[in-house]
There are 2 protein chains.
Amino acid sequence: MTDNSANNRNHANRQRVTSYDVARHAGVSQSAVSRCFKPGASVSKKMRARVMKAAEELGYQPNAIARSLISGRSNMAAVVISQKTTLYYPEILVELSQRMSEQGVRVLLFTLEHESDIDDLLDQVLQYQVDGMIVAARLSAQQIDAIERRGLPFVFYNRSFRDRQINAVCCDQTEGERWLVNRLVNAGHRRFGIISGPEDSAVSMERTQGALERLRELGVKQVAVAEGDYSYESGAAGLLTLRAEMGRIPDAVICANDVMAIGCIDAARHQLGISVPAELSVVGFDGVGPARWSSYDLTTVRQPVGRMTEAAVSMILERVENPDLQPEKRIFSGLMVEGGSARLD
Amino acid sequence: MTDNSANNRNHANRQRVTSYDVARHAGVSQSAVSRCFKPGASVSKKMRARVMKAAEELGYQPNAIARSLISGRSNMAAVVISQKTTLYYPEILVELSQRMSEQGVRVLLFTLEHESDIDDLLDQVLQYQVDGMIVAARLSAQQIDAIERRGLPFVFYNRSFRDRQINAVCCDQTEGERWLVNRLVNAGHRRFGIISGPEDSAVSMERTQGALERLRELGVKQVAVAEGDYSYESGAAGLLTLRAEMGRIPDAVICANDVMAIGCIDAARHQLGISVPAELSVVGFDGVGPARWSSYDLTTVRQPVGRMTEAAVSMILERVENPDLQPEKRIFSGLMVEGGSARLD
DNA sequence: TTGAAAGCGATACCAC
DNA sequence: GTGGTATCGCTTTCAA
């Protein structure tokens, strides 16, 4: 009785309604159906009404995959992001997705646990025919070359490249660190500890170098550096390392991100019984949510994440439309937040 | 001199290498090229070597879009997630992406700011021909019907539906809350405040109801409820509301998530000068990172997020392979964490 | 404005 | 094992 032939097809036996089905049902040509779903097409009012009714009745949705194949545009953009970045700045992903979807572009997500996985990943990105790519991860010069060779528009998020013409949006890490150092030195701090981020993080290195440079310029001699990995635990451990290295607790600790600053404060207060900011000043960088919690009230430089993602999205979409645009770097100043975690005068 | 014809095509003028190019360059048929890139295909060693060499030389990558069109499988899964969920549990997204990509499936991201946006969004999901969908957002019965009608496999993440056969993975909220209440009542607390999540959150409602039910069973009469929205600020505000409503500070406050519990603790300590846990016990739910920070050391129920995402991924992939599998609910117990934010004996 | 027909770049099936 | 050919569902000329 029942026709089972459809089930014999080896691929998805879920029934798909195509533009042909709609055309037949509406008694028009398939091209007409296609036109009705294309924004600026020339279709008569009557035709559109008829087609839309038929589409409604059959539950038709145009197949984006087929559209991509012929039009050469997938309306998808790749977002390549490392695990750490997602964990510390979850809002980036949400905002990117939100803003791009407003422009009719979807986010295809590529996360990397270890930055080494990136070569396979780039192959994947290219296979999926994304129209563009936003990269919040470290790429080697060769990898960047490879992307450019394929002609895929891309924008770096929060990494800059001094010697390369490239699209990037970032926060001025150096400027921010210099401000923090200025304030701390002005307030009389003389013995400094720095808790850096992981060595392979360009952002962390810029922050650390920015602070070191300014300290040197101001003639501050007593400076020790401990390496962290952006985590709470490494902030706590960093303080102990610094104390061991310097013989005693420094006057101020500059952390490469807020979560480490928080770890550092907690270690000072709860492990060492040291009062922050009375006996020790701690500053961070980035301005994540918990920085504002009243237990910490961090002095930090808040990155304008919203504006940065907005910029990244508009840059990538512009370049999808017009691949020949000149490379552009957009560098935002951070917002200086004078919290209660540091004595500033 | 130069041939500009390629540039006249209205779509991406970026040159694409196709399997035909590779075939010509290797002197074999196009089908042969295709087979070489298909895992279990029967190709001679010699042929494979030749094709791979040609592909390498031309920089060929198979076009996933074209593959999807004919094979009926896009190797993409939609992840529908609300803004709040991403912010509080960023690891969900990373883990989903990681685990799915290990299985050759990419995540197409759909975020919603307001849950009302969801109808347009479902249309979008369907257009992109994803193979399956993981939903960490609230859907109405009608919306679920619509998905089922389309035959798209889907799994709910951390929402359950008592009266519906549906795929879902979640954490047993009720069980967890009952445990918290048991411990608090056993320790002698008698006056309870509850800070709930937003009214439209099913998860929050389950937690709040679970606590209320157990309190009733144990004969606890003095209970007040304040509504929060999962944010730090609303946790702080909730405590003030409870105090106003009850005439004084309760013995214990049960918060529908950890961030509100943290807000509540900070408000108690820094705004009201109340000691936690000596004068007030506070418990949360979910076990986010900051719950372990030594300033808070929350008593909470940690959701096994890793196991839950693992389960969600395997459930969805199984159902992509075999759409006729029976609906299944996988309910994980939370991990009871006895932190220092509550007096438990 | 509408319809017919030619692709987009793969896979699947069929002979050989 | 290999090569030809139909096909996936749409957009896009091109005539009518």
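Biologist: How many residue pairs are in polar contact between chain B and chain A?

Modeller: Between chain B and chain A there are 26 residue pairs in polar contact, with both residues at pLDDT 80 or more. A polar contact is a pair of N or O atoms within 3.5 Å; within protein, one atom must be able to donate a hydrogen and the other to accept it, and residues adjacent in sequence count only if both atoms are side-chain atoms. This is a predicted model, in which local features need pLDDT of at least 70 and side-chain atom pairs count only at pLDDT 80 or more, while totals for chains, interfaces and linings use all residues, and side-chain values use heavy atoms, with hydrogens and water left out. Residues are numbered from 1 along each chain as its sequence is written, and chains are lettered from A and ligands numbered from 1 in the order in which they are written.

Biologist: What is the count of salt bridges between chain B and chain A?

Modeller: The count is 0 between chain B and chain A. A salt bridge needs a side-chain nitrogen of Lys or Arg within 4 Å of a carboxyl oxygen of Asp or Glu. Over all chains, the whole structure holds 26 salt bridges.

Biologist: What makes A:Arg164 and A:Asp145 a salt bridge?

Modeller: The closest N and O atoms of A:Arg164 and A:Asp145 are 2.6 Å apart, which is within the limit, so the pair is called a salt bridge. The two partners are 19 residues apart and link distant parts of the chain: A:Arg164 is in the loop between strand E4 (154–157) and strand E5 (168–171) of chain A, and A:Asp145 is in helix H8 (residues 141–150) of chain A. Helices (H or I, at least four residues) and strands (E, at least two) are DSSP runs, numbered from the N terminus.

Biologist: How many residues of chain B and of chain A are in contact, and how much area do the chains bury?

Modeller: 59 residues of chain B are in contact (heavy atoms within 4.5 Å) with 60 residues of chain A. The two chains bury about 5,500 Å² between them, 55% of it on carbon and sulfur atoms. Buried area is the accessible area (1.4 Å probe) that two parts lose on being put together, summed over both, so the value covers both chains.

Biologist: How do you know that E2 of chain A and E2(B) pair, and in which sense?

Modeller: Two strands pair if DSSP finds at least two bridges between them. Strand E2 (residues 106–112) of chain A and E2(B) have 3 bridges, so they qualify, and the sense is antiparallel. In this pairing A:Leu109 stands opposite B:Val107 in E2(B).

Biologist: Which residues come closest to DNA strand C, and how many surround it?

Modeller: 27 residues surround DNA strand C, the closest being A:Ser44, B:Ser19, B:Gln30, B:Ser34 and B:Ile70. A residue is near a molecule or strand if one of its heavy atoms lies within 4 Å of it. By class, this surface has 11 nonpolar, 12 polar and 4 charged residues. Here Ala, Val, Leu, Ile, Met, Phe, Trp, Tyr, Cys and Pro count as nonpolar, Asp, Glu, Lys and Arg as charged, and the others, Gly among them, as polar. H4(B) gives the largest share, 4 residues.

Biologist: What makes B:Arg67 and DNA strand C a polar contact?

Modeller: An N or O atom in the side chain of B:Arg67 is 3.1 Å from a phosphate oxygen of DNA strand C, so the pair falls within the cut-off. A polar side-chain atom of A:Ser42 lies 3.3 Å from a phosphate oxygen of DNA strand C. B:Ala66 uses a backbone N or O atom, 3.4 Å from a base nitrogen of DNA strand C.

Biologist: Which part of DNA strand D does B:Arg35 approach, and at what distance?

Modeller: A polar side-chain atom of B:Arg35 lies 2.5 Å from a base nitrogen of DNA strand D. A:Tyr60 has a polar side-chain atom 2.9 Å from a phosphate oxygen of DNA strand D. Of the atoms of DNA strand D within 4 Å of the protein, 59% belong to sugar or phosphate and the rest to bases.

Biologist: What kind of peptide bond joins A:Val276 and A:Pro277?

Modeller: A:Val276 and A:Pro277 are joined by a cis peptide bond, with omega about 10°. A:Pro277 sits in the loop between helix H12 (258–271) and strand E9 (281–283) of chain A. In chain B, the bond from B:Val276 to B:Pro277 is cis, with omega near 10°.
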